Amino acid sequence: MPHILCPGCGHGIVAGALLRAICRLGLDQDTVAVVAGIGCSSRLAGYLDFCTLHATHGRAPAFATGLKLARPDLHVIVITGDGDGLAIGGNHLIHAARRNVDLTCLLFNNEIYGMTGGQLAPTTREGGVATTAPYGNVEPPFDACRLLAAAGATFVARGLAAQPLVLEELIARALAHRGFAFVEVLTDCPEFHGRYNRLGSGAAMLLGQIRATAAVEAHLAPLASTVVHPGLPPVRPPVETGVLVETTRPEFGDRLRAAAARWADAREDHAP
Amino acid sequence: MSLAVHRQTVPTRGVLFVGVGGQGVLLASTILGEVAMAAGLDVKKSEVHGMAKRGGVVFSHVRFGTEVFSPLIGLAEADALVAFEWAEGLRWLPYLKRDGLLVLDLARIVPPAAQRDHRTWTVRYPDLDPAALTGHHGPVVAVDARGRAMQLGSPHVANTILLGVLAARLEFPTALWEEVIERCVPPGTAAVNRRAFHEGRTLEPCALTWAQRWTPPQGVPGWRVAVATAWCKGCDICVRVCPEGILRPDGRGAVEVTVPERCTGCRLCEWLCPDFAITVHSRPAAPAGVAR
Ligand code: SF4
Ligand code: SF4
Ligand code: SF4
């Protein structure tokens, strides 16, 4: 410390919420494993005093699946970003969800590739400016929560960096969930996304989240997607927050171990 | 005062129940209405529950007699006022006849709007002082209903205690009250409500409680905001979220606390600092220095 993230980057707030949630559940430091990919968000793993594993770009869910199978006693947390988890590692993420591996995945969505210099991400809003989209993005963005719900995640929630207490609660519930738990956190990247799109400082971007949420709560959703007040930065279009999916399904490791036991029995039966 | 139930024509009487919400004002008035109906009278009732705590009103008008035309009690027309809270009692006193019966719970529930300073908890709230009732000539029965309810094991039966106080001064048969209370209260609470009702019937006005005045809760904690300037990146988030506006850039890339004693300990700065640079301590200053 101090960490390498830019001034006003909301990632640190999310890390704080994660730490408070772990502390609230009373998890033992040695039973928590954090697996991170590549990117600004994934750099946070380097500051956490748990069992941490810094994986290759996009492959954190795959590393985490292996870790969880080898050590079912660990609470395995995947920290990933929108570029890491939804573009380069999109396949690993959806298949971990499909298999319902008992992981907690925290996806930091700041609508941009921050660490590599502000390239277009699969979550950049339409019309948003990025290094690789200087005239504005023409692609529709992913809705990460709906994607993961469709892929089979048994817990899906979305929170805001600007609401650290709600976020703490969502993460705590995700940690307590058995099966693949996915929490998307809308955070900010003032350095690239904010600067290119004239969204103001990190503080302004976070306050924009609050204003958008307040507008949605006051049934002014159409207003929230444009500009709430002239002179204030435009805010991200309103999206649903809170717990969006919570169900149960057999967990991958359990099924694999049961199957392995059946095969072992079958082998013994046929032994000469 | 006599509210006797005669076989002949009974003149219409009015009882006004007032509170701040959540104390069972409406249930108490329903019970009185049911009792009067069971006694063969015509009853009309009108209520508003608008959260007095938030500046609204919570009251229930009950009028009963041989023939009742309007449910509403006009100014200075109530034969009895049952106030579930001291300030509410003062607020509705003009509706009571000058010689009417005033039943008061000495509970004090200070509304947020009465808070003058949320840090020191200074409030503007009327003193618990009998002098505030000068001009009222009827009987006053002030009791500590909430305190007695707690002793009975349930804060929720304060309303039944107040009903007991009222019932002792009306002339409906006790058995009728008991039967109606049993029917109206939530399942499983009949026994404690019956005890509360009898407690109220025999409760003597408590003179001691009159001497009490509002005192703010003691031990308002002092807060200390520690900024780890070495970690702070001057991002401005805490400066903009602090409701007290006491954080400001120190001109060297970090922030400083301008008026430390105005901190309310809300912790918004701590939770929203992305750099773990602010810690709000609930105890007065430890030796200088901040988190490692
Ligand atoms: S580049 Fe963006 S996401 Fe990365 S640390 Fe800076 S502000 Fe945060
Ligand atoms: S929020 Fe944290 S990093 Fe930002 S100015 Fe305040 S103390 Fe410094
Ligand atoms: S805790 Fe922080 S945000 Fe809250 S009043 Fe104190 S300095 Fe301001």
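## Two residues in one loop of chain B

V68(B) is buried, with a relative accessible area of 3%. In this predicted model, V68(B) sits in the loop between β3 and β4 of chain B. Leaving aside neighbours within four places in sequence, V68(B) is in contact with T12(B), D42(B), V43(B), K44(B) and R63(B). There's also L41(B) to look at: V68(B) and L41(B) are 27 residues apart in sequence, and their C-alpha atoms are 8.9 Å apart in space.

Now take L72(B), which lies in the loop between β3 (58–65) and β4 (78–83) of chain B. L72(B) is partly exposed, because its relative accessible area of 47% falls between the 20% limit for buried and the 50% limit for exposed. Not counting residues up to four places away in sequence, L72(B) touches S46(B), H61(B) and R63(B). With S46(B), the gap along the chain is 26 residues, while the C-alpha to C-alpha distance is 6.6 Å. R63(B) turns up in the contacts of V68(B) and in those of L72(B).

## The nonpolar cores

What about the inside of the protein? The largest nonpolar core has 43 residues, and the members that touch the most others are F17(B), L32(B), F64(B), L166(B), F172(B) and W177(B). Helix α4 (residues 158–167) of chain B gives the most to this core, with seven residues.

F17(B) is worth a stop. Once residues up to four places away in sequence are set aside, F17(B) touches V25(B), A28(B), S29(B), L32(B), V58(B), F59(B), S60(B), V62(B), V82(B), F84(B), L163(B) and L166(B). Two of the partners in that list, L32(B) and L166(B), are themselves among the core members with the most contacts to other members.

## A helix pair in chain B

Helix α3 (residues 145–152) of chain B packs with α4(B) at an angle of about 120 degrees, and their axes are 8 Å apart. The crossing of the two, α3(B) and α4(B), is right-handed.

Which residues of α3(B) and α4(B) meet? On the α3(B) side they are A145(B), R146(B), R148(B), A149(B) and L152(B), and on the α4(B) side A158(B), I161(B) and L162(B). Sorted by class, this contact has six nonpolar residues, two charged and no polar ones.

## Around the ligands

Ligand 2 is surrounded by 13 residues, and the closest are C232(B), K233(B), C235(B), C238(B) and C273(B). The shell around ligand 2 divides into nine nonpolar, one polar and three charged residues. Around ligand 3 you'll find V225(B), C242(B), P243(B), E244(B), I246(B), C263(B), T264(B), G265(B), C266(B), R267(B), C269(B) and V280(B). That shell, around ligand 3, comes out as eight nonpolar, two polar and two charged.

## Chain A overall

Chain A has ten helices and nine strands. Of its 272 residues, 52% count as buried. Among the contacts in chain A with a separation of 6 or more, 67% are between residues 24 or more positions apart.

Terms used:
Residues are numbered from 1 along each chain as its sequence is written. Chains are lettered from A and ligands numbered from 1 in the order in which they are written. This is a predicted model: local features need pLDDT of at least 70, side-chain atom pairs count only at pLDDT 80 or more; totals for chains, interfaces and linings use all residues. Side-chain values use heavy atoms; hydrogens and water are left out. A nonpolar core is a set of buried Ala, Val, Leu, Ile, Met, Phe, Trp, Tyr and Cys residues joined through side-chain atoms within 4.5 Å. Buried means under 20% relative accessible area, exposed over 50%, partly exposed in between (1.4 Å probe, protein chains only). Helices (H or I, at least four residues) and strands (E, at least two) are DSSP runs, numbered from the N terminus. Contact means heavy atoms within 4.5 Å. Axes are lines fitted to C-alpha atoms, for helices over the stretch in contact, and angles run from 0 to 180 degrees between N-to-C directions. A crossing is left-handed if the near helix is turned anticlockwise from the far one by less than a right angle, and right-handed if clockwise. Ala, Val, Leu, Ile, Met, Phe, Trp, Tyr, Cys and Pro count as nonpolar, Asp, Glu, Lys and Arg as charged, and the others, Gly among them, as polar. A residue is near a molecule or strand if one of its heavy atoms lies within 4 Å of it.
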